[in-house]
Amino acid sequence: LMRHFPDSYFAYSDIPLNDVIIDNDTFTGYESNVTNISNGHTSFVYTNKVNPNKYGSLEITKNLVSYLKDNLTKEFKIYVTLDGEPLPVGTNYLVNEETTKQVIEPGIILIKANEIVKIANIIEGSKFEVIEKVSIMSGYQVDYKLNNKDVENVTGYINNNSNKVIIINTEKGTDLKIPVYKTIENPDGDEHNYEFELVEVTDHTGNTLINGGAKSISQISVIDANKNEFILQFSQSNYENNNTKKHYYKITEVINNNDINTKYDNNIYIIEVTINNTGETFTSAITKVWLNGEEIIDKKIEFINQLLTNLTLSKELKNSKDKDSIFEFEIEVINRDKPIIGEYKIETNLQETKTIVFDNNSKAIIKLKDKESITIYGLPYGAVYKITELKTDNYSVKYQINSRTIKKGNRVTSNLEKNNNIRFVNTNISNLSLAQTGQNKLIILFTFL
């Protein structure tokens, strides 16, 4: 302080040694020597020495509420200034207390989810400001905490206590549900389990998979009909503002080659999904669906399975020494008022594997000898079958379905069940008649007149 007297000028301290408060900061005053400046001038030099105990640090934590798991590796740019100046290039900072990195771009530190960055050796009293770069914030809601208090702007002064900043990014996104329907054409009353597969492809042809693209398996349990869905998740942070992008996905049924009792649906569906990001809104929608290369208007994705069963036909001959006789059977199978046509696998009791052909009228011929049997695989469960033994002259014919009552006749009609064992028993009545004639002699008396 300078005080004026009539005869001279001199300087002295008028500040007591107790603390001095200026605005919100507290300082300690020091008294200087009095200097007479009545005949000239003088100067004061103040030398400030940095007290090593007056350093502080700034700690920044990144928390990410992730919409997509794979975004946990994404790197974020945080802009830091000290006393209004960006962190200089070359400034060291410590990541998770183990890895030292340097500022490459002025003011910018790089941080991933769940990482903690510490900037040390900052002079106490320095004003700091922390903000996430706007260009990186697209698709996120960003919240800040300073020393565990919610704040809108992160700014303050470094002290030797706690200077902890938490940046919380909540990822914005949208879910898209793709319903997939499963129908069993001929239910048997039991529950069956199936799977669908979704993979991301380059376009609506579905010929090329995207390396690292979406892939998912959906499981479904069904008695007669049911619906499941794939859920696709899209993060807004992965899309540019004011932009529309299309994705393509192929959905097929997973074929279980060990399941011989199901005819699987081999259809291929391609789904076009359109993402629209306006910045303010972010939406996803199914815009087109192709079935085996043809676009379908209703966009319904449905797989129809058919339950299969087997039929075993066996032959037994009684009262006959001709065990090499061949007996012919005509079998006809009608499934839901439609004939079955084509080749079917058969297996004999002699372990021979062959095929049988059903003609356009859904009929096939089977030939068996005594004690022979044949099993036809892959017939539709519940279908109506009719088996007729041909050329039964001189035989009494009976049949039996599974272990049920034996019935007379050379023709059986029924529905295919889970187990179908049909046994035909032929008894040679011509041999039986001769034997009976020999045993019962007829005596005729003639009277001559």
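# Guided tour of the predicted model

Begin by selecting Asp370: at 11% relative accessibility it counts as buried, where buried means under 20% relative accessible area, exposed over 50%, and partly exposed in between (1.4 Å probe, protein chains only). The structure is a predicted model, in which local features need pLDDT of at least 70 and side-chain atom pairs count only at pLDDT 80 or more, while totals for chains, interfaces and linings use all residues. Residues are numbered from 1 along each chain as its sequence is written, and side-chain values use heavy atoms, with hydrogens and water left out.

**Salt bridges**

The structure holds 14 salt bridges. Select next Asp190 and Lys418, whose side chains form one of them, at 2.3 Å, N to O. Asp190 is in the loop between strands S18 (173–184) and S19, and Lys418 is in the loop between S37 (411–415) and S38 (421–428), so this pair ties together parts that are 228 residues apart in sequence. Strands here are DSSP runs of E with at least two residues, and helices are runs of H or I with at least four, numbered from the N terminus. Both partners are partly exposed: Asp190 has a relative accessible area of 34%, and Lys418 one of 45%.

Move to Glu272 and Lys246, which also form a salt bridge, at 3.9 Å, N to O. Glu272 belongs to strand S24 (residues 269–277) and Lys246 to strand S22 (residues 243–253), 26 residues apart. Glu272 is buried at 5% relative accessibility, whereas Lys246 is partly exposed at 42%.

**The sheet of S22 and S24**

Display the open sheet of 6 strands in the order S20-S19-S22-S24-S25-S26, with antiparallel pairing. Its edge strands, S20 (215–222) and S26 (294–295), each pair on one side only. Two strands are taken to pair if DSSP finds at least two bridges between them. Strand S19 (residues 192–201) is joined to S20 by 8 bridges, and the two run antiparallel. To locate this pairing, select Leu198, whose bridge partner in S20 is Ser216.

Remain in S19 and select Glu200. Show the contacts of Glu200 (heavy atoms within 4.5 Å): leaving out residues up to four places away in sequence, it touches Leu209, Ile210, Gly213, Ala214, His247, Tyr248 and Tyr249.

**A hairpin**

Select strands S30 (residues 342–348) and S31 (residues 353–358), which run antiparallel and are joined by 6 bridges. Gly342 stands opposite Phe358 in S31. The two strands form a hairpin with 4 residues between them, and Gln351 in the turn has a positive phi of about 65°.

**The whole protein**

Finally, zoom out. The protein has 2 helices and 38 strands. Of its 449 residues, 35% are buried. Among contacts between residues at least 6 apart in sequence, 68% join residues at least 24 apart. The protein exposes about 27900 Å², of which carbon and sulfur atoms supply 47%; accessible areas come from the Shrake-Rupley method with a 1.4 Å probe, and for residues only the protein chains shown count as cover.

Technical notes:
A salt bridge is a side-chain nitrogen of Lys or Arg within 4 Å of a carboxyl oxygen of Asp or Glu.
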